[in-house]
Amino acid sequence: MKTITIVFSKPQNMKLPIGSWIIRKWMKTDYSHVSVHFFSQSLDRHLIYEAVGSGVRFVGKDLWDKHAVAVYSTELNVTEEQYVKVLQRCVDLAGIKYGLTQNIGICIAKILKLIKNPFKSAKSEENCSEIAAEVLTILGISFDKHLDLITPKDIFDKLN
Ligand SMILES: [Ca+2]
């Protein structure tokens, strides 16, 4: 068995975390970001997979700790096969553009009660919760809304 950890976080030491503040107020949560954490025994390193303003990326724990503070985390026990499938998918998506427009579309969709993100560009972008949802989907956890509309709170609610 392997472990994958889904971590809900807020920004660390940002001078003006206005984006995070808006998201937390909007979702009524004390976290604004979600990321997927792996630990590689062979590398003796944490691999943290996330979508941030610069895009979808892997980052080490030291760098991650400089921009984020974990608020909640959920450990998922997975098979070796699931672990490889998840990491393969993460590698395939690494480098994709961050879903800024997707996020705006999520707000519009919520206000107008749309079942799809109104921006077509959302298909080619990823935000933090969509990549976490993709990981959970591989593990057999399904969502009742389109992944382009998923928020960190949807991930949290699904796991708790
Ligand atoms: Ca998307």
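A residue is called buried if 20 or more other C-beta atoms lie within 10 Å of its own, exposed if 12 or fewer do, and partly exposed in between, with C-beta atoms placed from the backbone. In soluble globular proteins, nonpolar side chains tend to be buried together.

The model is predicted; local features need pLDDT of at least 70, side-chain atom pairs count only at pLDDT 80 or more, and totals for chains, interfaces and linings use all residues. Residues are numbered from 1 along each chain as its sequence is written.

Helix α5 spans residues 128-138, and eight of its 11 residues are buried. These are Cys 128, Ser 129, Glu 130, Ile 131, Ala 132, Ala 133, Val 135 and Leu 136. They pack against β1 (2-11), β2 (33-40), β3 (45-52), β4 (55-59), α3 (80-93) and α6 (152-159). Contact means that the C-beta atoms of two residues, placed from the backbone, lie within 7 Å. Leaving aside residues up to four places away in sequence, Ala 132 touches Ile 6, Val 34, Val 36 and Ile 155. Just after α5, Gly 140 has a positive phi of about 90 degrees.

The chain as a whole has six helices and five strands. Helices (H or I, at least four residues) and strands (E, at least two) are DSSP runs numbered from the N terminus. In that direction, the elements follow the order β-α-β-β-β-α-β-α-α-α-α.

The five strands form an open sheet in the order β4-β3-β2-β1-β5, with antiparallel pairing. Its edge strands, β4 and β5 (68-78), each pair on one side only. From one strand to the next, the twist averages 25 degrees. Strands count as paired if DSSP finds at least two bridges between them. Between β1 and β2 there are five bridges, and Thr 5 has His 37 in β2 as its bridge partner. β2 and β3 are also joined by five bridges, with Phe 39 partnered by His 46 in β3. Their hairpin has four residues between the strands, and Asp 44 takes a positive phi near 55 degrees there. β1 and β5 pair over 10 bridges; Lys 10 has Val 69 in β5 as its bridge partner.

α3 lies across β1, β2, β3, β4 and β5 and runs at about 45 degrees to β1. α6 touches β1, β2 and β5, and its direction makes about 135 degrees with that of β1. Axes are lines fitted to C-alpha atoms, for helices over the stretch in contact, and angles run from 0 to 180 degrees between N-to-C directions.

The C-alpha atoms of the chain fill a box of roughly 45 × 35 × 30 Å along the principal axes. The radius of gyration is 15 Å, which agrees with the value near 15 Å for a compact globule of 160 residues. That radius is taken over C-alpha atoms, and the globule rule is 2.2 Å times the number of residues to the power 0.38.
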